[in-house]
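Please keep the sequence and the structure in view while reading.

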Amino acid sequence: MLIWINGTFGVGKTQTAHELRRKLPGSVIADPELLGFGIQRMYPPDLRGDFQETPWWEPTVAAILIDLSRKHPGDVIVPMTLHRPERHRRITDALNAAGIETRHVTLLASQATIRARLRTRMEGANTWALTQYPEADAALRGPLFSPHIVTDELALPEVVERVGSLIGRDFRYSARERLLLPLRQALVTVRHIR
């Protein structure tokens, strides 16, 4: 199964994806952002923009996810903001045409919650992520991007448990898992400093 974790920038997709990987033995994370950064680096700085707007990102992401899903025996977890309906449809249509079982879940949170979460990542109040929030949030709240999980009042284990229930898996957390969660979250945050 391919599990697409969608949501605005800063909503917690990466932390959720890493917890899902831990809960799903044999699963892998395929982060399309890495491909996007590679595409950006091929352009000189004055020509770099949103990598999703290049003609290369969308078809390459779809092709890699199809190839990976066919070759990897476990689940594939994709943490990526995808809020443009036409882009979502093209990628989803490509995955469906290839026979890839895809589950899509969108994480939502208020702008105040996103701002607070970005501060914990040591990002300022005027980050690129916050400038993108109004448009992305408005689009992601639509039915095309359902099911939705509103995360404002949820701790990470509750988010992961709800994702599990939406994809037909039981991801209950033990007391030990909850105790070690802050350490795991810190390690994920450090590994994703860009």
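## The sheet and its strands

In strand 4, residue R103 is the bridge partner of I3. This pairing is found in a predicted model, and it belongs to a set of 6 bridges that join strand 1 to strand 4, the two strands running parallel. I3 also stands opposite I77, a residue of strand 3. Strand 1 and strand 3 pair in the parallel sense as well, over 4 bridges. I77 in turn is the bridge partner of I29, and 2 bridges join strand 2 to strand 3 in a parallel run.

| Strands | Bridges | Sense |
|---|---|---|
| strand 1 and strand 3 | 4 bridges | parallel |
| strand 1 and strand 4 | 6 bridges | parallel |
| strand 2 and strand 3 | 2 bridges | parallel |

Taken as a whole, 5 strands form an open sheet with parallel pairing, in the order 2-3-1-4-5. Strand 2 (28-29) and strand 5 each have a single partner strand and stand at the edges, so one side of each is left without a neighbour in the sheet.

How many of the residues of strand 1 are buried? Strand 1 is mostly covered, with 6 of its 6 residues buried. L2, W4 and N6 point one way from strand 1, while I3, I5 and G7 point the other way, and all are buried.

## Two residues in their surroundings

N6 is found in strand 1, which spans residues 2-7. The relative accessibility of N6 is 0%, and because buried means under 20%, N6 counts as buried. The side chain of N6 makes a polar contact of 3.1 Å with the side chain of H104. Leaving aside neighbours within four places in sequence, N6 is in contact with several residues, including K13, M80, L82, H104, L140 and F145.

R84 is found in the loop between strand 3 (76-79) and helix 4. Is R84 buried or partly exposed? Its relative accessible area is 25%, so R84 is partly exposed. A polar contact of 3.2 Å joins the side chain of R84 to that of E53. With neighbours within four places in sequence left aside, R84 is in contact with E53, E135 and F145. The C-alpha atoms of R84 and A139 are separated by 7.2 Å, although these residues are 55 residues apart along the chain.

A cis peptide bond joins S146 and P147, with omega at about 5°. P147 lies in the loop between helix 6 (128-140) and strand 5 (148-150).

## An enclosed space

Rolling a probe the size of a water molecule over the atoms shows where empty space is left. A search of the whole structure finds 1 cavity of 30 Å³ or more. The largest cavity has a volume of about 40 Å³. Which residues line the largest cavity? They are W4, L82, H88, I91, T92, L95, T102 and H104. Helix 4 (85-97) and strand 4 (102-108) are the elements that give two or more residues to this lining. The largest share, 4 residues, comes from helix 4. By type, the lining residues divide into 4 nonpolar, 4 polar and no charged.

Note on methods: Residues numbered from 1 in each chain as written. Predicted model: local features only at pLDDT ≥ 70, side-chain atom pairs only at ≥ 80, totals over all residues. Heavy atoms only, no water. 1 Å grid on protein atoms, 1.4 Å probe; cavity = no way out; pocket = protein on both sides within 12 Å on 5 of 7 lines; lining within 4 Å. Points joined across faces, edges and corners; volume = space filled by probe spheres on them. Nonpolar A, V, L, I, M, F, W, Y, C, P; charged D, E, K, R; others polar. Buried < 20%, exposed > 50% of the residue type's maximum accessible area, 1.4 Å probe, protein only. Polar contact = N/O pair within 3.5 Å; in protein donor to acceptor, adjacent residues only side chain to side chain. Contact = heavy atoms within 4.5 Å. Pairing = 2+ DSSP bridges.
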